[in-house]
Amino acid sequence: MPRLFTALEIPRNAAMSLSLLRGGLPGARWIDVENYHITLRFIGDIDGRTADEVVDRLDRIERPEFQLNLTGMGSFGSKKPHSIWAGVSPSPEMHALQAEIERICQRIGLPPDPRKFMPHVTLARLRSSRLDDVVQYLSGRGNFRTSPFTVGRFVLMSSKESVGGGPYIVEEAFPLHEARSSSIFSSNDLHPAKSML
């Protein structure tokens with residue numbers, strides 16, 4: 001069974017903006033544009049029955065779509081950086097979705113995710129990049145920002161065992177509901193049904 005994780009996809013316009021950040025850092029292995037994503041919950045290697053149960057539970061999530069934008073950049077691994085990432089603007093809706101997915105995974109019997117949720121898009125994996133080079137690279141790109149985009153679904157993705165970053169395959173997609181600006185009642189709810197008596 002491939003490794004599974006839930007994620008948000010990056011739309012084409014934002015992905016193109018991210019792709020312009022590639023290059024200029026010795027020792028960086030840049031992630032392919034089509035593999036950009038925001039991981040919500042790493043699930044890992046699970047058997048088919050558990051995977052089916054995960055899909056069934058995720059399919060029941062009822063949440064509205066929401067807006068996001070990517071902003072800022074950083075690296076993981078303070079003394080010995082191992083990856084470069086783009087940040088994600090704070091979003092209560094995204095955090096609520098991630099928390100619900102976490103609860104579902106734990107109810108199914110998966111261990112809690114040991115890492116605190118820190119939404120980001122991995123742009124590069126670093127091999128033997130010098131700390132000074134990383135600091136210099138980031139210092140010129142800290143004001144990176146994309147236009148806001150609508151998140152209309154989340155996905156269950158799989159990754160094959162490979163050297164860093166992809167290929168990722170969307171196994172299942174789960175739509176979020178369009179945010180309604182009108183009243184929560186439909187016009188039919190406002191007029192009680194005529195009694196048959």
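Modeller: Helices (H or I, at least four residues) and strands (E, at least two) are DSSP runs, numbered from the N terminus. In this predicted model, the protein has 5 helices and 10 strands.

Colleague: How is the model set up, then?

Modeller: Residues are numbered from 1 along each chain as its sequence is written, and side-chain values use heavy atoms, leaving out hydrogens and water. Local features need pLDDT of at least 70, side-chain atom pairs count only at pLDDT 80 or more, and totals for chains, interfaces and linings use all residues.

Colleague: What is the mean pLDDT of the protein?

Modeller: pLDDT is the predictor's confidence in each residue, from 0 to 100. Here the mean is 89, and 86% of the residues reach 70 or more.

Colleague: Where does pLDDT stay under 50?

Modeller: Over residues 182-197. Contact means heavy atoms within 4.5 Å, and for that stretch the model has 1 contact beyond four places in sequence.

Colleague: What percentage of the residues is buried?

Modeller: Buried means under 20% relative accessible area, with a 1.4 Å probe and protein chains only. Of the 197 residues, 43% are buried.

Colleague: And how many residues does the largest nonpolar core have?

Modeller: In soluble globular proteins, nonpolar side chains tend to be buried together. A nonpolar core is a set of buried Ala, Val, Leu, Ile, Met, Phe, Trp, Tyr and Cys residues joined through side-chain atoms within 4.5 Å. The largest one has 50 residues, and Leu70 and Phe154 are among those with the most contacts inside it. Helix α3 (residues 92-108) gives the most to this core, with 6 residues. A second, separate core of 5 residues includes Phe5 and Met157.
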